[in-house]
Amino acid sequence: MRQLTLSSDICLAHVQSTPLHVRGLGVTVHAGFPSPAEDIGAKRIDLTAQLIKHPQATFLLRARGDSMREAGIFDGDVLVVDKAVTAKNGHVVIAVIDGEFVCKQLQIRAGRMKLKAANPCYPDIVPKEGQVVEVWGVVTASIKTMPV
């Protein structure tokens, strides 16, 4: 098993604020298939508006490893990271520790920070005395692709 880190071959890229529209049916799906008649009322869903609140401060990063699987983040997922969101206790964040990016859940108790893995096979990260930890951004979404 590998620690969840960000792929070194992925460049940080700003998200474009241009709308990306896809067709939405406006219905929920219960593991079934929508009626063909529902196509008539199809509306467009703007994925940019759904996923990105601060385009100039939002980046897409690819996750590597399985240390955040219980938070729904898996190897290969694309993470939407917003640097304009103030990180709070319980948020999944991208942090920089000793120059390396990691994705973990932020826990703050009694003024002490801990970066918690979402997989019991991995230890939590508790910064050592004098160690510099920067919370770089907050993960606001995880995009997965399904095998086809």
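Start by selecting Lys 114, which is partly exposed at 24% relative accessibility. Keep in mind that this is a predicted model.

Lys 114 sits in strand β8 (112-116) and Asp 124 in the loop between β8 and β9, so the pair ties together parts 10 residues apart in sequence. Asp 124 is partly exposed too, at 28% relative accessibility.

Select Lys 116 next. Its side chain meets that of Asp 124 in a salt bridge (3.8 Å, N to O). Lys 116 has a relative accessible area of 28%, which is partly exposed. Through shared partners, Lys 114, Lys 116 and Asp 124 join into one network.

Move to Lys 144 and Asp 77. Their side chains form a salt bridge at 2.6 Å, N to O. Lys 144 lies in the segment after β9 and Asp 77 in the loop between β4 and β5, so this pair links parts 67 residues apart in sequence. Asp 77 is buried at 5%, whereas Lys 144 is partly exposed at 38%. The whole structure has three salt bridges.

Now go inside. The largest nonpolar core has 14 residues. Select Ile 73, Leu 79, Val 81, Ile 94, Cys 103, Trp 136 and Val 139, which touch the most other members. Strands β4 (58-64), β5 (78-82), β6 (92-97) and β9 (133-143) each supply at least two residues of this core. Another core, of eight residues, lies apart from it; Ala 95, Val 102, Leu 106 and Ile 125 are among them.

Finish on the cysteines. Cys 103 is buried at 0% relative accessible area, while Cys 121 is partly exposed at 47%. The structure holds zero disulfides.

Definitions and conventions
Residues are numbered from 1 along each chain as its sequence is written. This is a predicted model: local features need pLDDT of at least 70, side-chain atom pairs count only at pLDDT 80 or more; totals for chains, interfaces and linings use all residues. Side-chain values use heavy atoms; hydrogens and water are left out. A nonpolar core is a set of buried Ala, Val, Leu, Ile, Met, Phe, Trp, Tyr and Cys residues joined through side-chain atoms within 4.5 Å. Buried means under 20% relative accessible area, exposed over 50%, partly exposed in between (1.4 Å probe, protein chains only). Helices (H or I, at least four residues) and strands (E, at least two) are DSSP runs, numbered from the N terminus. A disulfide is a pair of cysteine sulfur atoms within 2.5 Å. A salt bridge is a side-chain nitrogen of Lys or Arg within 4 Å of a carboxyl oxygen of Asp or Glu.
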